[in-house]
Amino acid sequence: MAIEGPFWRAIAVFRVASVVYAIVLMAQHRGYEQPVLGWLVIGVMVLWTAGTTLAYSAAALRRWPLLVTDLLVVLACLLASPYVQGAEQGEAGTTPVPATWVAGPVLAWAVHGGRRAGAVAALAMAAGDLWLRVRAPDVPILINGAVLLFLSGVVVGHVARLAKQAEERMQRAVEMEAAQRERDRLARDIHDSVLQVLALVHRRGQRLGGEAAELGRLAGEQESALRRLVADRPGEAGEPGSADLRTLLLRHASSQVTVSTPATPLVLPAPVAEQAVAAVGAALDNVRAHCGPSARAWVLAEPGEGTVTVSVRDDGPGIPEGRLDEALAEGRMGVARSIRGRVADLGGDVSIVSVPGQGTEVEISLPA
């Protein structure tokens with residue numbers, strides 16, 4: 001991701017500065033007891049710093065094999081310190097040969113894998129440092145460096161993960177804005193062409209009567225549905241994998257079906273929202289099948305205490321008592337499976353209230 005670039009450049013600068021600091025210490029102590037080996041370790045540090053600077057600058061190479069190798073190389077340089085320093089290792093204030101350079105892979109792991117990866121790399125590096133101090137009896141065992149490594153790995157990893165999440169959200173916002181602009185453009189084009197034609201067919205059909213009136217009615221329904229579609233804005237679904245139930249329910253709106261939803265989003269997991277809308281669609285299919293094409297239906301969605309309730313009411317003749325049990329015995333599974341079965345799989349409940357001559361109401365309750 002682009003947001004990682006500054007992190008990797010900062011790590012590269014830190015590595016270079018740390019190598020310079022290690023060279024200054026090496027020169028200050030005149031190579032310690034084994035100057036040849038000491039300058040050889042410094043040479044490895046310089047070459048590896050140059051290599052990792054180039055490698056981490058390419059996103060394709062930022063993989064765990066490189067990160068593990070980085071950790072092992074730095075550990076090897078750290079564990080070579082006793083052989084370079086010899087007896088000087090026990091002197092007060094003497095740091096290992098790599099000095100602050102050991103924090104490089106900890107920062108790299110943290111940026112790439114987050115705070116947990118940074119903590120793991122810090123523990124590995126701290127274990128190597130503590131081993132050096134334990135094997136040298138005259139060196140005091142201090143955990144300040146280990147604590148600083150651990151804190152830097154956790155903090156940098158946390159900040160890097162927050163930066164990645166912010167970049168992902170910004171990218172989604174840009175995509176949504178671009179999609180809305182395209183949607184507005186299409187809405188203008190549709191309004192100037194298709195909607196005007198449908199409105200004209202609707203008016204002319206109503207004037208002519210007969211079969212033309214039916215065509216005009218259908219054109220009017222499609223005009224209304226299309227106007228709702230182009231006027232509707234994407235719901236505030238929030239995190240990926242979620243959906244606004246209001247937007248999905250409005251697809252069922254027509255001249256015979258009135259959909260009422262609250263002003264605030266009804267956010268559900270996308271699979272739950274889709275199955276809930278499918279159950280509502282099955283209820284509306286029953287209205288059309290048993291109450292006739294001219295029957296009116298109303299869909300109402302509202303939030304509750306930890307639940308979302310969707311009710312479908314019609315003005316049909318109602319369901320005779322015992323008819324649902326008879327349909328189930330006859331193998332007709334419309335209500336049992338398409339409505340109750342779907343909602344039960346989602347952990348919700350369905351209640352059906354029907355009064356002969358006064359219509360039927362199907363109420364679907366889902367956990368929010």
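Predicted model: local features only at pLDDT ≥ 70, side-chain atom pairs only at ≥ 80, totals over all residues.
**Close-up 1. Helices H3 and H5 run roughly antiparallel to each other.** H3 covers residues 64-79 and H5 covers residues 103-113. Their axes sit 9 Å apart, at an angle of about 160°. Angles over 145 degrees count as roughly antiparallel, so this pair gets that label. The crossing of H3 past H5 is left-handed. On the H3 side, look for Trp64, Leu67, Val68, Asp70, Leu71 and Val74; they meet Pro105, Ala108, Trp109, His112 and Gly113 in H5. Sort the residues of this contact by type and you get eight nonpolar, two polar and one charged.

**Close-up 2. H1 and H2 pack at an angle of about 170°.** Here the axes are 10 Å apart. That angle makes H1 roughly antiparallel to H2. H1 brings Trp8, Ala12, Arg15, Val16, Val19, Ala22, Ile23, Met26 and Ala27 to the contact. Facing them in H2 are Gly38, Trp39, Ile42, Met45, Val46, Trp48, Thr49, Thr52, Thr53 and Tyr56. By type, the residues of this contact come out as 14 nonpolar, four polar and one charged.

**Close-up 3. Two aromatic pairs turn up in the structure.** One of them is formed by tryptophan 8 and tyrosine 56, and it is stacked. The ring centres are 4.7 Å apart, with 15° between the planes. Tryptophan 8 belongs to helix H1 (residues 4-28) and tyrosine 56 to helix H2 (residues 35-57), so the pair ties together parts that are 48 residues apart in sequence.

**Close-up 4. Five strands make an open sheet.** Read across it and the order is E2-E4-E5-E7-E6, with mixed pairing. Strand E2 (257-260) and strand E6 (349-355) are the edges: each has a single partner strand, so one side of each has no neighbour in the sheet. On average, neighbouring strands here are turned by 10° against each other, direction ignored.

**Close-up 5. Strands E5 and E7 pair in the antiparallel sense.** E5 takes in residues 307-314 and E7 residues 359-367, with seven bridges between them. To get your bearings, find serine 311: glutamate 363 in E7 stands opposite.

Key. Residues numbered from 1 in each chain as written. Heavy atoms only, no water. Pairing = 2+ DSSP bridges. Helix = DSSP H or I, 4+ residues; strand = E, 2+ residues; numbered from the N terminus. Axes fitted to C-alpha atoms, helices over the stretch in contact; angles between N-to-C directions. Parallel < 35°, antiparallel > 145°, perpendicular 65-115°, else oblique. Left-handed = near helix turned anticlockwise from the far one by under 90°. Contact = heavy atoms within 4.5 Å. Nonpolar A, V, L, I, M, F, W, Y, C, P; charged D, E, K, R; others polar. Phe/Tyr/Trp six-rings, centres within 6.5 Å; stacked < 30°, edge-to-face > 60°.
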